[in-house]
Amino acid sequence: NSEWKIQLNSVAESDEGYYYCNARSNGNFIFSNVYVSVKVKNFPFIKPFSAVVMEGAPAVLTCNGSNYYYVSWNFQSKSMFNRTEVAPVGMNEHLDFAKTNRADNGTYECIAYNADGITKAYPSLIIHFSPEVVTHPESITVFPGDDGKFTCSAAGYPAPSISWMHNDGKVATVLSR
């Protein structure tokens, strides 16, 4: 008995086709064949679309493309389908926010699924919100020649700039940011 094996390494589409095992002996010839079908994986294709809105406004994040049968959404490693104020639309390509708040700000993960695998994309939701004072300065009493220090901080997006004014409109000296 003679046995010969063939191994296809790193299979490519061009490897698809018939393979023949030929045997000759004493002037006789026989063969056996096998067909190798190469299945090309067709992963989902998705393109993310981000959104920029003012806090309180509605927003839509989108991941559309082709060759998928389902899309899921995550934010900060948690499924978005547990939130009642956020609704996936259609085959979940769109994530609708009825009313945004600053906690919604960030990068989301959309995952498209098909029989060959998954594809991930990362749209962002950027929430702009008006400045608000976070730390109010406290009034102090000082003697002439002493130092007087005040602290004030503000939040907002984009980040607000802070300046100090005196009664007569002059900018006071700012020690640090």
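Here are some notes on the core, the surface patch, the salt bridges and the cysteines of this predicted model.

1. Ground rules. Local features need pLDDT of at least 70 and side-chain atom pairs count only at pLDDT 80 or more, while totals for chains, interfaces and linings use all residues. Numbering runs from 1 along each chain as its sequence is written, and side-chain values use heavy atoms, with hydrogens and water left out.

2. The core. The largest nonpolar core holds 19 residues, and Leu61, Trp73, Phe97, Tyr108 and Leu125 have the most contacts inside it. Such a core is a set of buried Ala, Val, Leu, Ile, Met, Phe, Trp, Tyr and Cys residues joined through side-chain atoms within 4.5 Å. Two or more residues come from each of S4 (51-54), S5 (59-66), S6 (70-75), S9 (94-97), S10 (106-114) and S12 (124-135), which are strands. Strands here are DSSP runs (E, at least two residues), numbered from the N terminus.

3. Leucine 125. What does leucine 125 touch, leaving out residues up to four places away in sequence? Its partners include Leu61, Phe97 and Tyr108, and also Ala51, Val53, Ala59, Thr100, Asp104, Asn105 and Gly106. A contact means heavy atoms within 4.5 Å.

4. The surface patch. Tyr18, Tyr20, Phe29, Phe31 and Tyr35 make a nonpolar patch on the surface, with about 590 Å² of accessible area together (Shrake-Rupley method, 1.4 Å probe, only the protein chains shown counting as cover for residues). Patch members have over 30% relative accessible area and no salt bridge, with nonpolar side chains (Val, Leu, Ile, Met, Phe, Trp, Tyr) joined within 5 Å. Strands S1 (17-25) and S2 (28-36) each supply at least two residues, and S2 gives the most, with three. Tyrosine 35 sits in S2 and is partly exposed at 41% relative accessibility; the classes are buried under 20%, exposed over 50% and partly exposed in between (1.4 Å probe, protein chains only).

5. Salt bridge at aspartate 116. The whole structure has four salt bridges, each a side-chain nitrogen of Lys or Arg within 4 Å of a carboxyl oxygen of Asp or Glu. One of them pairs aspartate 116 with lysine 39 at 2.7 Å, N to O. Aspartate 116 is in the loop between S10 and S11 (117-121) and lysine 39 in the loop between S2 and S3 (45-49), so the pair ties together parts 77 residues apart in sequence. Buried or exposed, for aspartate 116? Aspartate 116 is buried at 18% relative accessible area, whereas lysine 39 is exposed at 61%.

6. Arginine 102 bridges to glutamate 55 at 2.8 Å, N to O, linking the loop between S9 and S10 to the loop between S4 and S5, 47 residues apart. Arginine 102 also pairs with glutamate 132, the closest N and O atoms being 3.0 Å apart; glutamate 132 is in strand S12, 30 residues from arginine 102. Shared partners join Glu55, Arg102 and Glu132 into one network. Glutamate 55 is partly exposed at 31%, arginine 102 likewise at 31%, and glutamate 132 at 36%.

7. Cysteines. There is one disulfide (cysteine sulfur atoms within 2.5 Å), joining cysteine 63 to cysteine 110 with S to S at 1.8 Å. The link is left-handed, with -75° about the S-S bond. Cysteine 63 lies in S5 and cysteine 110 in S10, so the pair ties together parts 47 residues apart in sequence. Both cysteine 63 and cysteine 110 are buried, while cysteine 21 is partly exposed at 47% relative accessibility and cysteine 152 is partly exposed at 25%.

Technical notes: Helices (H or I, at least four residues) and strands (E, at least two) are DSSP runs, numbered from the N terminus. Patches are made of residues with over 30% relative accessible area and no salt bridge: like charges are joined within 9 Å, nonpolar side chains (Val, Leu, Ile, Met, Phe, Trp, Tyr) within 5 Å.
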